[in-house]
Structures are given as C-alpha cells and as structure tokens.
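Here is a short walk through the fold, one piece at a time. Keep the picture open as you read.

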Amino acid sequence: METILSLNDALDTATFYGVNNINILCLKNQHPDVRIVARGYQVKVIGSEPAITRFEQNLRKCENFCIKNNTLNEEQILQLLRQRVKVNPFS
C-alpha cells in the first residue's frame, strides 16, 4: 500500500526535518516496516495499512509538537513516540 501524507502548511519544514534530515531519519528508524520519501510538505509512505497508520499517528504527534513549540529534535521525537495517547471515553 502507498499513501501520500500532507503536512500542515504552518509547519517549518526545515525545523521539522532537521539538519541533514536527522529528525525524519529518526522517525523512520522507529518504523522499519515502512519506506518513506519526504519532499517539502508531502511524505510518501509505503507499507502495510497498519504500519502506515502507526507511522502517520506518530508523524502527526511530531508535526503538532513542532508547530506548537517551533522546535524538534531526536530526543523529543523519541519521547513523543513513547507517550501513549489516552482516550477519554466520555468525550
């Protein structure tokens, strides 16, 4: 399966991808079951549907963090990926 994900245009892609693309490589290394090609505001993801879904969820966590804080580094990415999203059944 192949999907193209569009990043929020409020995102500073230089900060998001990192120097020499280190941030996107870090994210990719945490998802060895997908292949990605990132260009500008688009990320092409190739893999199984569950693997792509998991990758997209984590990409969005990093994207939102970067937009909100105007920073992103490898340590922050790893911390974001370790967090579990808690769902409130009453919301």
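## Two asparagines in a loop

Asn20 is exposed, with a relative accessible area of 69%. (Exposed means over 50% relative accessible area, buried under 20%, and partly exposed in between, using a 1.4 Å probe and protein chains only.) Look for Asn20 in the loop between helix H1 (13–17) and H2. Its phi is positive, about 55 degrees, although Asn20 is not a glycine. Most residues other than glycine have a negative phi.

Asn21 sits in the loop between H1 and H2 as well. Here phi is near 60 degrees, again a positive value in a residue other than glycine. Asn21 is partly exposed, at a relative accessible area of 40%.

A word on where this comes from: the model is predicted, so local features need pLDDT of at least 70 and side-chain atom pairs count only at pLDDT 80 or more, while totals for chains, interfaces and linings use all residues. Residues are numbered from 1 along each chain as its sequence is written, and side-chain values use heavy atoms, with hydrogens and water left out.

## The sheet

Now to the strands. Helices (H or I, at least four residues) and strands (E, at least two) are DSSP runs, numbered from the N terminus. Three strands make an open sheet in the order S1-S3-S2, with antiparallel pairing. Strand S1 (2–6) and strand S2 (35–39) stand at the edges with a single partner strand each, so one side of each has no neighbour in the sheet. On average, neighbouring strands are turned by 15 degrees against each other, direction ignored.

What joins S2 to strand S3 (residues 42–46)? The two run antiparallel and are joined by 5 bridges; to count as paired, two strands need at least two bridges found by DSSP. Ala38 stands opposite Val43 in S3, and Val37 has Lys44 as its bridge partner. S1 and S3 also pair in the antiparallel sense, over 5 bridges, and Ile4 has Lys44 in S3 as its bridge partner. In the hairpin of S2 and S3, with 2 residues between the strands, Gly40 takes a positive phi near 55 degrees.

The side chains along S3 alternate.

## Helices H2 and H4

Two packed helices are described by the angle between their axes and the distance between the axes. For helix H2 (residues 22–29) and helix H4 (residues 74–82), the axes come within 9 Å and cross at roughly 30 degrees. (Axes are lines fitted to C-alpha atoms, for helices over the stretch in contact, and angles run from 0 to 180 degrees between N-to-C directions.) H2 and H4 are therefore roughly parallel to each other, a label for angles under 35 degrees.

Which residues meet here? Ile22, Asn23, Cys26 and Leu27 in H2 meet Glu74, Ile77, Leu78 and Leu81 in H4; contact means heavy atoms within 4.5 Å.

## A buried asparagine

Is Asn58 buried or exposed? Asn58 is buried, with a relative accessible area of 8%, and its place is in helix H3. Leaving aside neighbours within four places in sequence, Asn58 is in contact with Leu27, His31 and Leu81. The C-alpha atoms of Asn58 and His31 are separated by 9.5 Å, with the two residues 27 apart along the chain.

Note on methods. Parallel < 35°, antiparallel > 145°, perpendicular 65-115°, else oblique.
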